[in-house]
Amino acid sequence: MSRVEIPVEAKLDAGDIDGQLKQLTAKINALGASIAKANQVKFNPINKASLDDIKRMNAEFEKLKNNSRLGADLNRTGQGGKSFLDLDWSNIGSNHVAREARRYGAFNKVLSSTGASFEQSPAPGGGGGGGSPWASAGRGIVSSGLRATGAAGGVADEAISAGASGGMMAGMAGLVGGIVALGVGKAIGAVVNKIGDAQQDDIGYDTLKRTLGDVNVSFSVLKDSMHAASNAIDVTYTEAQKMALDYAHISGVSGSKGASTIAESVAAGGGFGRAFGIDPNQSSNFFAQMTNLGITKDTRDIKRLGVEIGEVITKSGAFSKADEVIQAIGTYASQQTRMGLSPANVGGYGAMMTSMVGAGVPGMDVQGSAALLGRVNGAIINGGSGEAGQNFMYAAIGRKLNLDPIMAAALREQGAFGTGQQEFGDASVMGAWARRHGVNIPGGAASSTSTNWGMLQQQLKATYGDGDNRAQLRLDAMHNLLGVGYNQAAFLDDMTPAQMGNVSDRLKKANIDPSQLNPTAYALAAQAAIGDRDQANDVGRQLWSKLSPAEQDSLNKAQAGGDDSYRNELMKLSAAHGQGDTEGSKTRESIQGVDKTLQDFAGKAVPALNVMRDTMIWAFGKTKTGGVMSPEEIHKSLVEGQRKDINDRADARIEAARSSYLSLTKGLQGAPDPALEKKIREAAANYQSEKGMAELQRGQELIALDSGEAKGAGAASPGSTSALPAYLQDSAGAASPGSGGNKFDPITGGAPRSGDPIGIRNNNPGNLRFNAYTRGLGATRSNGGFAVFPSLQAGLAAADANLANYAQHGINTLSGVANRWAPKEDGNDVAAYIRDLVAWTGYGANQRIDLTDAATRQKIEQAIYNHEGNAKALQGTPMPDTGGAPGGLGAYGASGTQYVQHDLNITLTHPNGQPAAAPFTYSISGNSPAAKPYGT
């Protein structure tokens with residue numbers, strides 16, 4: 001009898017009961033041995049099963065199916081009618097750990113009456129366990145689960161075993177402390193030290209996700225974008241995360257919009273601090289405060305304000321007081337905005353402070369100037385001293401703008417730098433109130449940009465002109481009106497706001513949008529625009545080491561071409577590269593590069609640790625109702641949460657485009673409207689495009705999630721370093737600094753170097769522009785107007801997704817691709833682009849091509865990377881120059897080949913180590929095709 005089925009009624013063939021019971025016994029023992037091996041426990045077999053054993057086994061199996069999820073899982077996998085001994089467990093759950101735990105528990109439950117049992121094997125290195133829970137079979141399940149996760153899990157299992165005699169918590173403590181002691185290599189030891197940081201990093205971003213509102217906020221996008229922001233401004237992952245949490249709390253941003261911009265905002269605000277030598281967290285908090293007050297609304301506004309404040313610092317010479325400048329502006333902006341219920345005039349305040357600090361008068365440093373401006377601001381708000389002061393204020397402000405006394409008093413509440421436009425304009429609280437209630441505001445008042453201080457100063461000089469000792473009366477009037485000293489009045493009397501906007505004007509001349517500024521470029525940009533020639537030259541010297549040969553040549557030509565062209569070029573390079581290099585900045589970048597690299601790999605070990613925790617909960621924990629917790633259920637809920645996050649994000653993107661389309665269709669009632677119909681067609685096309693891209697991204701992310709779930713088994717042996725990146729293995733040699741190699745570079749931490757093309761520095765070999773579309777493809781920020789992706793793989797995937805999307809728009813020729821990818825209006829030579837695509841793909845310019853075909857897209861993408869100048873940096877290491885081949889030929893032949901010779905030294909030995917033959921050398925030589933650029 002080759003197969004024995006055990007029916008529920010346990011009816012066996014009466015003719016051969018003994019033979020069948022022997023076969024059943026063998027089956028039970030084989031199953032027990034399999035479970036024991038998987039869970040690293042000892043199995044105690046039985047000699048022979050009885051009929052009563054079989055009946056009890058069937059009864060227990062039926063109870064187990066009816067009272068647990070096992071019955072549903074068996075029905076789902078088509079095994080509802082199978083006997084316990086014939087179940088195929090490989091189909092019951094994808095989690096190896098949970099599956100073996102369930103097999104173990106089910107066997108004990110169903111077959112305990114037969115006498116078959118398990119007991120814990122001795123721990124590695126001896127040691128029993130006494131009454132410790134680690135001496136139970138649960139420890140074996142934990143061990144099996146850990147080893148199934150790969151090298152890190154195997155090492156963790158060894159570490160826990162070393163401390164197991166102290167109980168479960170001692171074993172947990174042994175995880176971190178024991179790994180290095182096991183001698184598994186310095187690299188793994190360094191990574192282990194970062195596991196705690198990686199875990200806290202994940203926990204922190206979960207907190208940030210919920211702080212921002214949770215729904216439609218992607219955990220992975222938040223984490224990746226903030227890691228990219230930390231690299232942009234050279235802060236640690238932990239510091240960047242704290243900056244993001246502080247920014248969210250202070251600014252009040254939330255939801256998917258806040259989540260999509262918070263990394264850029266933190267980088268822009270923190271970069272200001274890095275540029276001026278102050279704490280990046282302090283400057284980031286300042287710009288968060290500006291967002292909360294409505295002074296800035298997006299990253300572009302933040303960078304624009306950063307440019308303005310950079311000009312204040314540069315013109316006033318307050319570089320060493322930059323922290324006091326933003327503190328003073330922050331205090332003024334907060335108090336004035338809350339008083340006037342309108343965004344404070346930060347520009348006007350900064351212009352006045354620039355003149356005051358730049359005057360170099362003792363006592364008029366940043367703090368002294370801020371204190372005096374605060375006194376003037378308060379006096380204007382309160383209407384001066386006494387009835388005479390209020391009448392004078394009304395004459396200076398109310399009559400000037402034809403306002404009644406009440407509206408003039410309302411304008412004074414905007415303080416020294418308030419304007420009629422600010423108080424009565426379309427977006428103002430008072431302007432809207434006046435329109436609702438029929439209050440007349442003169443048009444000249446609602447459009448006036450004169451500040452209250454400017455009008456008051458003008459009135460003082462008109463009333464008390466110079467000559468006949470009237471200037472002294474002006475000082476006395478100012479002294480009484482503003483509550484300032486006579487010397488302070490004299491200082492204010494001659495003080496006019498500095499002319500500002502020179503840096504912004506220079507950005508326009510250089511054709512640079514403020515949003516394109518590198519986060520750390522504020523100081524260099526200001527000095528390049530308005531510094532003296534020595535300061536401008538110093539900017540060039542600071543940037544020089546970051547420039548490519550082409551950029552260095554361009555700067556030299558600009559310097560010879562005159563001051564204007566020189567400063568424009570300096571602005572462009574400052575905007576692209578940001579802060580200049582120093583030995584200190586290189587050291588900081590190097591240290592953080594290593595630290596972040598280790599933490600990135602430590603993060604890959606976190607899932608293994610989560611499996612360990614899940615399994616230990618199963619082995620030792622209890623549910624609220626007293627049942628045993630299932631690690632499969634715990635893990636499944638976590639994965640389903642990630643899956644829901646992916647689906648919710650895609651659904652929200654599709655629904656947003658659909659709602660936009662449907663809202664327009666509601667206006668179709670009545671007479672035909674060609675303009676509206678055009679908008680509807682565009683919205684419909686956008687809906688289809690967004691839907692396609694959302695589904696593409698959904699599919700890619702779900703595939704990545706499922707792929708990650710499938711990688712649990714078959715990893716390296718415990719203690720092995722083979723699961724580590726090459727540059728973290730003890731045997732791996734580091735590439736020399738600047739070599740562009742892919743191994744660990746102690747200077748750059750493996751990151752692209754500044755000398756690489758911008759497409760490589762941006763992880764964007766296709767040079768896609770940064771916009772809402774590329775942000776949806778994973779871009780985190782802009783650099784030089786181009787998108788920056790968190791990894792090269794992400795940039796390559798974005799380029800492929802972009803090209804695939806062309807097919808939806810009817811593009812099916814190389815000419816169409818070139819005109820869409822590099823349009824003429826962006827300054828591209830489209831004809832040259834088409835020629836290169838034709839040359840490097842072999843397709844005709846107007847030949848029909850199928851962009852839904854991945855192989856076709858790959859060929860075109862490689863040609864695009866080549867044309868964009870990024871292919872060389874993507875190619876592998878060229879073959880070495882051999883120094884010449886035999887016969888006088890050079891290393892590279894005329895036919896485009898390269899002479900190569902490999903010498904293989906061979907030594908044969910017996911198993912005992914004794915030589916089996918004399919060593920000999922086997923040589924291989926010949927011509928090999930020389931290395932070619934990527935994609936050709």
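The model is a predicted one, with local features needing pLDDT of at least 70, side-chain atom pairs counting only at pLDDT 80 or more, and totals for chains, interfaces and linings using all residues. Residues are numbered from 1 along each chain as its sequence is written, and side-chain values use heavy atoms, with hydrogens and water left out.

The protein chain comes to 40 helices and six strands (DSSP runs numbered from the N terminus, H or I of at least four residues for helices and E of at least two for strands). Of its 936 residues, 46% count as buried (under 20% relative accessible area; exposed is over 50% and partly exposed in between, with a 1.4 Å probe and protein chains only). Among contacts (heavy atoms within 4.5 Å) with a separation of 6 or more, 64% link residues 24 or more positions apart.

Helix 14 (residues 299–316) and helix 15 (residues 322–340) have axes that come within 11 Å and cross at roughly 125 degrees. Axes here are lines fitted to C-alpha atoms, for helices over the stretch in contact, and angles run from 0 to 180 degrees between N-to-C directions. That angle makes helix 14 oblique to helix 15 (under 35 degrees is roughly parallel, over 145 roughly antiparallel, 65 to 115 roughly perpendicular, and the rest oblique). On the helix 14 side, the contact is made by Ile309, Val312 and Ile313, and helix 15 brings Ala322, Val325, Ile326 and Ile329.

Helix 37 (residues 814–821) has Leu814, Ser815, Val817, Ala818 and Trp821 as its buried residues. Down the helix axis these fall within an arc of 160 degrees, so they line one face of helix 37 (the arc is taken from the directions from the axis to the C-beta atoms). Their cover includes helix 36 (792–806), helix 38 (830–841) and helix 39 (854–867).

Arg470 sits in helix 24 (residues 470–482) and counts as partly exposed, at 34% relative accessibility. Leaving out neighbours within four places in sequence, Arg470 is in contact with Thr463, Tyr464 and Gly465. Glu690, in helix 33 (residues 674–709), counts as buried at 19% relative accessibility. Not counting residues up to four places away in sequence, Glu690 touches Arg653 and Ala657. Glu690 and Tyr773 are 83 residues apart in sequence, with their C-alpha atoms 9.1 Å apart in space.
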